[in-house]
Amino acid sequence: MGRRLRRSRDPHPDRERHPHARPPVPHRAGRGLRRAAGGVAMPRRRPLLLAAGVAFLTIALAGCGFRPLYGGAPYAALAGARVEAGPERVDYLVQNALRDHLGAGDSRYRITLNTETDERSLGVSASGRATRYALVITVDYRLDGGPEAVSGRISETAYFDAPNEPYALIATRSNAEERAARLAAERLARALAAQLQPVTAGRGAP
């Protein structure tokens, strides 16, 4: 008595049969997961390895003498320094931005600022109206509290277009003044730290 063959049921009866057709590959969910013992899906360790690499690179750079932008003895000596400025809005902007750059602390230094602004028209329309301006902030500074006074001058520029509406022009100019004040404060912090570097290097941070 011959053996009876058993035909397997086609899971896709509507598909056209072809002798070389391949069965469809099921979609795999969780491509970023790996299988641990017991069939539990575990996340790959690439983010952990990346974080470890970044930490190692940071330590290596520190060993080679790399320092953050606002770090070291000069900035530590200036942290919390008293900043005195004039009564105008631009004085207030530069003063607050410089305090933010220096950070909190108990410095013995006092910084005195004298700020001036200047507007220069760069572009003129066919009707003779200025269409673009450069707003320049110049700061004369003096640093007291060390072995001798330190003084200097820095300047920064912010550009802005001149809208036709008067109120829009006021707002645009105000934004440019704030940008220039932040840039001036950053340059000022760098200048003060550079001039204070010989003092802190020779005697340590006050």
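Read along the sequence, the protein goes β-β-α-α-β-α-β-β-β-α, which comes to four helices and six strands. Helices (H or I, at least four residues) and strands (E, at least two) are DSSP runs here, numbered from the N terminus. Keep in mind that this is a predicted model: local features need pLDDT of at least 70, side-chain atom pairs count only at pLDDT 80 or more, and totals for chains, interfaces and linings use all residues. Residues are numbered from 1 along each chain as its sequence is written, and side-chain values use heavy atoms, with hydrogens and water left out.

Let's start with the sheet. Four strands make up an open sheet, ordered β3-β4-β5-β6, with mixed pairing; two strands pair if DSSP finds at least two bridges between them. At the edges sit β3 (82-84) and β6, each pairing on one side only. From one strand to the next, the twist averages 25°. Axes are lines fitted to C-alpha atoms, for helices over the stretch in contact, and angles run from 0 to 180 degrees between N-to-C directions.

β3 and β4 run parallel and are joined by three bridges. For E84, the bridge partner in β4 is T112. Helix α3 packs on this sheet, touching β3, β4 and β5, and its direction makes about 120° with that of β4. Contact means heavy atoms within 4.5 Å.

Now zoom in on A134, which lies in strand β5. A134 counts as buried because its relative accessible area is 5%; the cut-offs are under 20% for buried, over 50% for exposed and partly exposed in between (1.4 Å probe, protein chains only). R120 is 14 residues away from A134 in sequence, but their C-alpha atoms are 5.1 Å apart in space. Leaving aside neighbours within four places in sequence, A134 is in contact with D118, E119, R120, L122, T157, A158 and Y159.

What about the nonpolar core? The term covers a set of buried Ala, Val, Leu, Ile, Met, Phe, Trp, Tyr and Cys residues joined through side-chain atoms within 4.5 Å. The largest one has 34 residues, and L98, I111, L113, I137, V139, L143 and L188 touch the most other members. Elements giving two or more residues to this core are α2 (73-78), α3 (89-102), β4 (110-124), β5 (130-144), β6 (150-161) and α4 (166-203). The top contributor is α4, with eleven residues. Not counting residues up to four places away in sequence, L143 touches L78, Y109, R110, I111, E148, A149, V150, L192 and L196.
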